[in-house]
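Have the coordinates open as you read.

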Amino acid sequence: MNRPLLISDCDEVILHFVTHFADWVEEAADLTFALDAPGFAGALRSRDGRVVPEERVWPLLDMFFEGEMHRQNVVPGAVEALVEIGRLADIVILTNIGDDYQANRVAQLEAFDIRHRVLCNRGGKGRPVQELIDEMKPGAAVFVYDLSVHHESVANHAPDVWRLHMIAEPRLAATTPPAPHAHARIDDWGEALPWILRKVG
């Protein structure tokens, strides 16, 4: 039987993102990011409180990933947890950014001594997760992501994969309900590690 597989997001699971994006977007575009807003959509606002249209959000995200990824820091416990999991399972980081930033993401993670296969994908994660399952044929697989919509996508396309909902930023976690299609919601790597090890062990 092949080794088990952990498929993990990067931003707000392995690396903190949203607070650094909020700082940068205020500096660069004079916009505010409401960290206590429920979810990402609608959190980016002008100074007068108007929600920034979605068509403006993606270019700002691209600008951040082009030149500001150095701001991001590792989530406490993530490196140590990945080392422990890596003793039992293969690890793939399925990151929700475009292919243009794949090399930047690899270098960014290597700076924190995180060296695993990195796949970029914008859109639903169900199909790429099922493609990984078909390719690697793991004995068991765990999917860890911060966005509820991707748990639904994986549940639809790869229902046998264990799904863990994790949001590392406490202010986002406090206002975001557990993903209905996830098997569990754990926002701390110290607590998540035993859960994951049970699934891949």
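## Ground rules

Contact here means heavy atoms within 4.5 Å. Helices (H or I, at least four residues) and strands (E, at least two) are DSSP runs, numbered from the N terminus. Buried means under 20% relative accessible area, exposed over 50%, and partly exposed in between, with a 1.4 Å probe and protein chains only.

This is a predicted model: local features need pLDDT of at least 70, side-chain atom pairs count only at pLDDT 80 or more, and totals for chains, interfaces and linings use all residues. Residues are numbered from 1 along each chain as its sequence is written, and side-chain values use heavy atoms, leaving out hydrogens and water.

## Helix α1

Let's begin with α1, residues 18-29. Its buried residues are Val18, Thr19, His20, Phe21, Ala22, Trp24 and Val25. They pack against β2 (32-33), β3 (44-45), α2 (54-67) and α7 (170-175). After α1 comes Asp30, with a positive phi near 55°.

## Helix α5

In α5 (residues 126-136), Gly126, Pro128, Val129, Leu132, Ile133 and Met136 are buried. The partners of these buried residues are β1 (5-8), β4 (90-95), β5 (117-120), β6 (141-145) and α6 (148-157).

## His165

Is His165 buried or exposed? His165, part of strand β7 (residues 162-165), is buried, with a relative accessible area of 0%. A polar atom of the His165 side chain lies 2.9 Å from the backbone nitrogen of Ala179.

Definitions and conventions
Polar contact = N/O pair within 3.5 Å; in protein donor to acceptor, adjacent residues only side chain to side chain. Expected span 1.5 Å × (residues − 1).
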